[in-house]
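Here are my notes on the model you sent. They go from the overall fold to single residues.

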Amino acid sequence: MESLFDALTGAEEDETDVRGAVFSGEDAAGVSCCGVTVDGCTFTGCRMAGAAFAGSMLFGCTFSGCDLSGASFAGCSFKRCIFSDCKLTGADLREVYGSESAFSGCIGDYTNHAAAVYKKCTFSGGSFREAAFFRTEVRDCHLETDFTLAEFQKTSMTGADLRKCEVYGAVYHR
C-alpha cells in the first residue's frame, strides 16, 4: 500500500486521482496535492498540518481525528465530506465550495473563509473562534458551534439558524 504522502504527491505530479484509499495514523505534514481529485477516501488520525490542497476536489471523504492545522484548502471543492474531531486551526478555506458536508467537533479557530460558499453543510460542536468570514455564503446550513469573536463581513446566511451557536463578541458587518 502506498503511503499517504506518496499517494497525494504522486497524484499531483501524474495528474491522477486518489480513490477509495484508507489511511490511518500517517504523517503527511506539508504535503502538496494541489488540483487533485480525492474520492471516497478515509483519513483517520493523520497529520497533514500545513498541507496544500488548493484547487483540489474532495468527494465523499472522511477525515477523522486529523491534524489539518494551517492547511490550505483555498479554491477547493468538497461534497459529502465529513470532518470529525479534526484540528483545522489557522486553515485557509478561502474560496472553498462546500456542499452537503459536515464539520463535527472540529477546532477551526482562526480559519479564513473569505469568499467561501457552504450549502447544506453542518457545523456542530467544536469551535470556529476568531474565524474570518468575508463575502462568505452560508446557505441552508445547520449551525451549532462556537463562533466566539468571529467576524462576519458582507456574509450571507440565508436559511442559517444561529440560535444554538455561541456568538459572544462576534462581529457582523453588512
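**Notes on the predicted model**

1. Overall dimensions. For 174 residues, a compact globule would have a radius of gyration near 16 Å, and the 15 Å of this protein agrees with that. The model is a predicted one. Along the principal axes, the C-alpha trace spans about 45 × 25 × 20 Å.

2. Secondary structure and contacts. The protein has 17 strands and one helix. Take contacts between residues at least 6 apart in sequence: 4% of them join residues at least 24 apart.

3. Burial and surface. Of the 174 residues, 44% count as buried.

4. Strand pairing. Strand β12 (residues 122-127) pairs with strand β10 (residues 102-104) in the parallel sense, over three bridges. Strand β12 also runs parallel to strand β15 (residues 142-146), and four bridges join the two. The bridges can be followed residue by residue: Phe103 has Phe123 of β12 as its bridge partner, and Phe123 in turn has Leu143 as its partner in β15.

5. Cysteines. How many disulfides does the structure hold? The count is zero. Cys61 is in no disulfide, and the nearest cysteine sulfur, that of Cys81, is 4.7 Å away. Cys61 is classed as buried because its relative accessible area is 0%, a value under the 20% cut-off. For Cys76, which is likewise in no disulfide, the nearest cysteine sulfur is that of Cys81, at 7.9 Å. Cys76 has a relative accessible area of 0% and is therefore buried.

6. Ile82. This residue lies in strand β8 (residues 82-84). Leaving aside neighbours within four places in sequence, Ile82 is in contact with Cys61, Thr62, Phe63 and Ala102. One of these contacts, Cys61, is the buried cysteine of point 5. The C-alpha atom of Ile82 is separated by 10 Å from that of Cys106, which is 24 residues away along the chain.

Note on methods: Residues are numbered from 1 along each chain as its sequence is written. This is a predicted model: local features need pLDDT of at least 70, side-chain atom pairs count only at pLDDT 80 or more; totals for chains, interfaces and linings use all residues. Side-chain values use heavy atoms; hydrogens and water are left out. A disulfide is a pair of cysteine sulfur atoms within 2.5 Å. Buried means under 20% relative accessible area, exposed over 50%, partly exposed in between (1.4 Å probe, protein chains only). Two strands pair if DSSP finds at least two bridges between them. The radius of gyration is taken over C-alpha atoms; the globule rule is 2.2 Å times the number of residues to the power 0.38. Contact means heavy atoms within 4.5 Å.
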